[in-house]
Structure formats: structure tokens, C-alpha cells
Amino acid sequence: MASSKNNGGSRNTGSRNGYSDSRSTGSRSGSRDSRSSGSRNGGRDSRSSDSRYDYRETRSSDSRSGYGDGRNSGSKNKKVTSKKRKARKRRRIILFAVEMVALVVLGVVLWAVMKQTSMQKINVKEEDIVINDTVENNVAMKGYRNIALFGLDARDKNLGKGNRSDTIMIASINLDTGEVKLCSVYRDTYMNLGNDKYSKCNAAYASGGPEQAISMLNMNLDMNITDYVSIGFNGMIDVVNSLGGVEIDIREDEIKNLNDYQASMFSTETKERLTDDYVKVTQPGLQTLNGLQATAYCRIRYTAGDDFKRAERQRTVLLAILEKAKTASVGTLNDTLDKVLPNVATNLDTKEMLSVLKDLASYKVVATDGFPFETNRVTGKVGKAGSCVIPTSLEDNVVLLHKFFFEQEEYTPSKSVSNYSARVSSDTGR
């Protein structure tokens, strides 16, 4: 209570006697009170949340430390104090908002992970996946996460071996920048299937499921992939329909093929159509495609560009889906996940899903391409494999791939890659 008396005296004396008293009594007594009683008792009062002492000390301190007129300086300092209180209030509101955003993000991530229960878990044994020796010590690949994406000619929710992979892509995520690069691997590319047998690379999934398909990519491309996501026809149809369709620019020469593929898609088990949404496309130009139409568009290959153009169409639809998802509501995304996940298989566990999902909002696709690269490929028949895409030099293609993904200016391919050229020369007579 001594502090409140002294401070009260300082306030009254200073205001009655004006400038001189304020400088002498107020300044000497007030400063002592502020340093001694004020700092000791005020500190205790503040800690003990006694708002009365804190208020009186604030007012008396303001009048003492002003320009001599207790009333004027108090008024000015009240404004300063008011501004400080408003600033603190703003900080509390901002902090609360940040915390709420963090909670919402965490909730969305956990919600997405919980949805995994409806996905197919086709595990792969990492120790059985082929990774070439030189890759493990490649410093340039550190800080990237590489995931294999397979689109399967599967219509009955069976996403294991026995299905050929119509779509083969590699998504490389720069974990520092969030930049994503997508590269299609042309399904008819003549490659080592991961078991020293050579054929079209899409046969690897049919022969040994995702495990062999991943090994095929690693062995031929000097990659270090261990994770994959596979999706069947039904999954693609459901994703697009749940998002309300995707905008695609259709060319005149694509219309007949698009409609033919729509009509051909049915369940291999029940011989029934996958969907009743068969709507013919009748004119070219930018238009909204439903799920069946978009999936049929992804399968078109009998136009100029052949399989190379088909892989480009697949990337176009994937990017259109990603853009549409960015603007979708939580309810729409929830509905999309509910429908699509039964048609998805992956080996990612909850922890790994979280590591990908937590930064999902920052991911941005910055580049896409196809392998083998346009400057280093030819087409031709290779024995029983039939018409294939043939890298003119697998080593040169792999060097370009590592430059594309990891910005690696100099790269020496592994022996596994180098041995390929000799085998292809023998098989093709080139």
C-alpha cells in the first residue's frame, strides 16, 4: 500500500503546483517511487494480477514522466498506453488466427490419413527393389522424394499384378522448394523388366506388380524409387466426376477416338459399363469433360503423335485435376476421396502420407516431359515385343533425365544402364 500512497501524492502535487513542483517533487519522488516502490510493488502487483495497483502506477508514472503538466502528459501517455493495448490485442488475435489455421490444416491432414483405411495396401519389400549401386551415393538426388505413379487398365478394383500399366509417371518432389516435376515413361519403351527379361516396360507391372515395376524404373533410369501410387479406371472416372469435370481443349482428330474409347470401357468381370455417363463429344474446342470422357481422352493413341501424344494427354488431365482440386470445397474433396480411394493402391504408411500431405499446399508442378526424350528415341519392331519405343542411347537419356529432375549437369550412368545399349543393339540389329 506504500506504493499507492506515494504515487497518489505525486499525482496530486504535480497537478496542483504545476511545472516546478512536477519537476522537483514529482520527478524526484516519482522517479524514486518508480524505481523502488513502483518496480518492487508494481512488479509484484503485476504478477499477482492486482489491476488497481497497476492502473494507479500507470497513471502516476505517466504524469511524473511527462513534460511537467501532469494533465497533458497523462493524456498523451494514455493514448500511447491505449495504442499498446490495441497492439497487444491485435497480436493476440493474429496468434489465435494462426493457431486456428494450424488446427484446420492438421485436421485436414489427419482426415486424409484416416481415409487410407479404404485404400488397398499392396506392400513391397524394399530390400527386393533394385537400386543401382552408383545411385545410393549420388549427392545430387538428396533432398528429393521420388514416387512412381501407375494408371492401370484395371476395371474391377484389382490393382495388383496381372494389370498392364497404361500410365507410368515419376513425380519428383524437391523437399526444399516444393517444386514438382513429372516425367511420363512411355509404356511401349523397350526395357529390362527388372528381371533381365526385355520387353515393353508396361509388362513389368503385369508380371510382378508394383514391386517389379519400380525395380524396372530404377534399373533402367538410375532412380531410387521405393514408393508408388496406383489408380484404376474407376478411380480416374470418380475423381473427375466428383470435381465437376475438367476443362480440356479437344482437337477435331481426337473426337472419334475419344467416343470409341468411351464405348469400349466396361467391367471385365461383369461385362457392364463402368458408368452410365456415356455422352458423345460432338465438337472440338475447350469444354468440360466428365469422368468417362476424361479417362477415354487419356487413352487416345491413334492420332498424330501416337503414344507420345497419349502420355502428354495424361499429364494434361492430371494437371487439370490438380488445378480443379485447388479450388474445391472441403466437402467436395471429402466426397472425392471417399469415392476414389477404393480404387487406389499404395505402399505409403500413415507416417509417410503425413510427410507428403503436410506440405501439399506448397507443391507446384513446374515442368513435365516424357522418357525417352524426343531427341533420343526412335520407334520400330523388336521381335515378339512388336512395335516399341527405343532409346537411341539409354545413357544419354538417363543423363538428360537426371538433369531434368535434379539439375545435375554432369552424371555418369551406372553399368546397368550402359549394358542396356549392347542388349538393344543385339535385339534390334541397330
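This text goes through a predicted model of one protein chain, from the whole chain to two of its residues. Local features need pLDDT of at least 70 and side-chain atom pairs count only at pLDDT 80 or more, while totals for chains, interfaces and linings use all residues. Residues are numbered from 1 along each chain as its sequence is written, and side-chain values use heavy atoms, with hydrogens and water left out.

The protein chain has 13 helices and 13 strands; these are DSSP runs, numbered from the N terminus, with helices (H or I) of at least four residues and strands (E) of at least two. Of its 430 residues, 47% are buried. Buried means under 20% relative accessible area, exposed over 50%, and partly exposed in between (1.4 Å probe, protein chains only).

Asn347 sits in the loop between β10 (344-346) and α11 (350-357). Asn347 counts as buried because its relative accessible area is 10%. A polar atom of the Asn347 side chain lies 2.9 Å from the backbone oxygen of Thr226, and one lies 3.1 Å from the backbone nitrogen of Tyr228. Leaving out residues up to four places away in sequence, Asn347 touches residues including Lys121, Asp227 and Glu352; contact here means heavy atoms within 4.5 Å.

Ile131 belongs to the loop between β1 (120-121) and α4 (133-136). Ile131 is partly exposed because its relative accessibility is 24%. From Ile131 to Met219 the C-alpha to C-alpha distance is 6.4 Å, although 88 residues separate them in sequence.

Key
A polar contact is a pair of N or O atoms within 3.5 Å; within protein, one must be able to donate a hydrogen and the other to accept it, and residues adjacent in sequence count only if both atoms are side-chain atoms.
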